[in-house]
Amino acid sequence: MVQQYQSPVRVYKYPFELVMEAYERRFPRCPQIPVVIDCEITEDSTSDDGAHRTTKRKCKLNVEAPYLLKKLIGVDHVFFIQTNELNRRERSLNIEAYNESFSNRVVVLEKCRYFVHPENANWTCFEQSASLDIKNFFGFEHTMEKLAMKQYSQNISKGKEIIEYFVRELETEGITEVPQWTEPEDTTRRQSINIEDSQNSNDLVLGASASNLSNGKSLSSPIKKEKIVQFQLETDYIQRYLGELTVLQESRLVQLRKWVTDLLKGKVPSDATLLRFLRARDFNVEKAREMLSESLLWRKKHQVDKILSEYELPQVVQDYFPGGWHHQDNEGCPLYLLRLGQMDVKGLLKSIGEDGLLKLTLHVCEEGLRQMEEATQTQGRPIYTWTLLVDLEGLNMRHLWRPGIKALLRIIEIVEANYPETMGRVLIIRAPRVFPILWTLVSTFIHENTRSKFLFYGGNDYLQSPGGIVDYMPESVVPDFLGGPCKAQMVEGGLVPKSLYMSDSWLEKEGCALAEDTIYQSASFGNGQVHEVFVVNEDPGSVLTWDFDVMRQDIAFTVFRTSMPIPSKDTASGGALHTIQHMMDNEHKSAIEKSWQENKDYYKVEPTIICHDGESIQGSHVMGYCGTYIMQWRFYSDHQLDLIDSLTSHKAQIMYFYESLCSADYRGSMTSLQSGHSGFSALSTRSFASSCPSR
C-alpha cells in the first residue's frame, strides 16, 4: 500500500531571499536533523543571467532501525538524491528527493516548494508532499513502513524550526535583508509585472475556510497568471482554529479538503467540520469522505442549513421542553442542560410528532455548532465540542414509552451520522434505578467513542469535590435545580395537556409512527371483571415492564406472583423466558383461585394502584424468582354499583404493551455504569421487588 502525505502550508514571515539564505545553511548537515549525516553536491549549474540554479546533492542518512533489522539488511546508512530548482526571477524553489538505496524494494518520493505568499510579498510559504511505497523488504514491510513514517513525521515537525533557527543566526551576524535578484544590465529583455495577477491575488483571503494560495506567484510575479489552488491550509491557522494535530493528521485534513473542494466547486464545509468527520473515522480519509458525502446529501435534502434562520420553536416546546443552553464548562465549551426526568416524552411526541422532535434536536445541534464557532473566535483557541448535562431526577417508566424509545433511537442515529465528534462530555446526574433499563435500550445505538464520554452520577455525589460536576463546570454556573447559585433560563417541564395533542388523523396524515400503535393490545371488561396477562419467568433477575393507557372508566392495576400451575390455552415454547397471554372466558374471571392463600400460594409483588380515565401508566418490576407473574387490570368504581348500574355502565377499556428484559442485559447495564469514568454511586440493586409505576 502506498502511503501519501500532504502538508499544510507553512508561512515564514520573512522575504523569500532571506529564507533561501537560511535554507542553504542547513547543508551539508545541521544538528537539528541528526539523521542526515552528510550532503555532497554532485552537480551545480546556474543560467547565464543568474535567474536559474540547479543543484543536485547526494545525502547520506543514518538508518534508525532496530539492531536486528540493521544486521539483516546489512547497512547502517542509506542514500537519497535531492534536486533543487531555484528560480530567482519567480522567487520559488522546487525540491525533489528520492531514495537511491534499496530502490528496487522501496520507493520514496518527496516534493517540496518554497514560494512567495500571494497576499504579502515579504512572506514566504512552504509546502511538501511525499509518498512511500514498500514493495518488499525481507518480510519486514509493515515494520519499515512504521519506522519510515515515524522518522519522516519527526523531520517534518522540525522543518520550520530549522529555518527559524538559521534566520536568527543570520540576524546575529547582522544579516536581516538579502537583495532580490534583478535582470542583468546588458539584458535587453525585460519582464513586467502582471497587473492582472496582482489584482486577482487581492481576492485571496485567509480565514475560516483555509488559506487560498496560488501556485507560488507573488504580487510582483512577472509570469502569467496560474490557476489558484484553494485546498491548502496554513499551519498557524490550524493551530489557532483547529488545535494541535500530528503531521499525518494535518496531511489527512489537507487531502480531504482537496477532495471536497474539487467535488463541490462551491460552498465548502468548514475545516472544523472536516476534522470532526476525520476524527469519527480515525483519520481514514476514504471512510471520512464516504461519511461526509452522505451527510452533505442529507443536509441538502432536508434543508438543514436553514434551520437556524427559519425554524421557530412551537409554543408547546417553549412551555414544556425542559432544555436550554447555559454558559460554558471549565474548558470554555458551550454547556447544554436537559432535565430529561421532568420531560413528558409522550406528551411532546403526541403534540409535535416525531419529525417535530427531530427538528428541535437538529436546531440544538446547529446552535451548538454556532456557539462553538463563536467560542473559538472569542477565546482565541479552538473549541470544537460542547458539553451536555442531563438531569434524570424524576425519570421513570413513563419515559420508556415504546414509540418514544423508537423516536429517540431514530434521532440518535441521525445525530451520530451527521454531527460526529461534537459531544465533548455527557454528564448524567441523579440517575435512578430505572435508568439501566433505558441505557440498555439506547446505548447500543450510540457510537463507542461517544459512549466513552459519558460520566454517571447517582444520588447526590455529583456535588462532591473533587470528583463532582465542579470538576467540569465552574461552581458559579451550577444550575439552581442542582443546588447551585445560577438561575437556569429554561422551563421546568411537566405533563403536556392532552388538549395540545395532535389528532390521530393528523399523525397519520404526517406519516408519524406514533399513530401506528400495532405493538399495543386492547382489552375491555365490565364491573366485577378482570383482564390478566401471564408472564412465565425462568430467568431470575429479569425485568418486566409495562405501559398502558386507560381509555374508558377507572381501573385497579396489580402485579402478582405465583408458583401454582395456571391453565392456559396457549403456551409459548423455547427460550429461558417466555410469555403467555391468558385469555379467560367471557366472564373475565381471575386465574387466582378463591381457595389460594396470599403470601403462600400467591404474592402481591406490586401494590394496587387506581388508574383513572385518560391516564397513562408505565412501570417495571424486577422478577427475582421463577414462576408466573400476573398483571391484573380490574374494573374499579369508588361506589357500589347496583344491578341496573352494572348493566348500563360502560365497560372499562385499556390499551397496553409489556415486555421482558433478560437479566443478563439488565445486570450488564448496571455493571457498565458502575465501572464508568466516575464513581457511579447510587443505582440501587436492592430488592428484587422494586418497581417504578408512573403516570
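This is a predicted model: local features need pLDDT of at least 70, side-chain atom pairs count only at pLDDT 80 or more; totals for chains, interfaces and linings use all residues.
Residues are numbered from 1 along each chain as its sequence is written, and side-chain values use heavy atoms, with hydrogens and water left out.

In soluble globular proteins, nonpolar side chains tend to be buried together.

The protein chain contains 17 helices and 22 strands, where helices (H or I, at least four residues) and strands (E, at least two) are DSSP runs numbered from the N terminus. Of its 695 residues, 50% count as buried. The chain exposes about 34,000 Å², of which carbon and sulfur atoms supply 50%; such areas come from the Shrake-Rupley method with a 1.4 Å probe, and for residues only the protein chains shown count as cover. Among the contacts (heavy atoms within 4.5 Å) with a separation of 6 or more, 75% are accounted for by residues 24 or more positions apart.

Helix α7, residues 271-280, is mostly covered, as 9 of its 10 residues are buried. The buried residues of α7 are Asp271, Thr273, Leu274, Leu275, Arg276, Phe277, Leu278, Arg279 and Ala280. What covers them includes α5 (235-241), α6 (247-264), α8 (285-301), α11, α12 (402-418) and α14 (448-451). The helix is followed by Asp282, whose phi is positive, near 55°.

Trp386 is found in strand β11, residues 386-391, and is buried, with a relative accessible area of 4%. Leaving aside neighbours within four places in sequence, Trp386 is in contact with Trp325, Cys333, Pro334, Tyr336, Val364, Gly368, Met372, Thr422, Met423, Gly424 and Arg425.

A pair of aromatic rings is described by the distance of the centres and the angle of the planes. Rings of Phe, Tyr and Trp (its six-membered ring) pair if their centres lie within 6.5 Å, and planes under 30 degrees apart count as stacked, over 60 as edge-to-face and the rest as tilted. By this rule the count comes to 21 aromatic pairs. The rings of Tyr336 and Trp386 have centres 6.2 Å apart and planes at 70°, so this pair is edge-to-face. Because Tyr336 lies in strand β10 (residues 334-338) and Trp386 in strand β11, the pair ties together parts that are 50 residues apart in sequence. Both Tyr336 and Trp386 are buried. The rings of Trp633 and Tyr656, by comparison, have centres 5.0 Å apart and planes at 35°, so that pair is tilted. With Trp633 in strand β21 (residues 627-636) and Tyr656 in strand β22 (residues 652-661), the pair ties together parts that are 23 residues apart in sequence. Trp633 is buried at a relative accessible area of 1%, and Tyr656 is buried with a relative accessible area of 1%.

One aromatic cluster is formed by Tyr12, Tyr23, Phe27, Tyr114 and Phe126. The charged end of Arg57 sits over the ring of Phe27, 3.7 Å from its centre, where sitting over a ring requires NZ of Lys or CZ of Arg within 6 Å of the ring centre and within 35 degrees of the ring normal. The charged end of Arg240 likewise sits over the ring of Tyr241, 4.4 Å from its centre.

A search of the whole structure finds 0 disulfides, a disulfide being a pair of cysteine sulfur atoms within 2.5 Å. The sulfur of Cys30 is 8.8 Å from the closest cysteine sulfur, in Cys39, which is too far for a bond. Cys30 is buried, with a relative accessible area of 7%.

Terms used: Buried means under 20% relative accessible area, exposed over 50%, partly exposed in between (1.4 Å probe, protein chains only).
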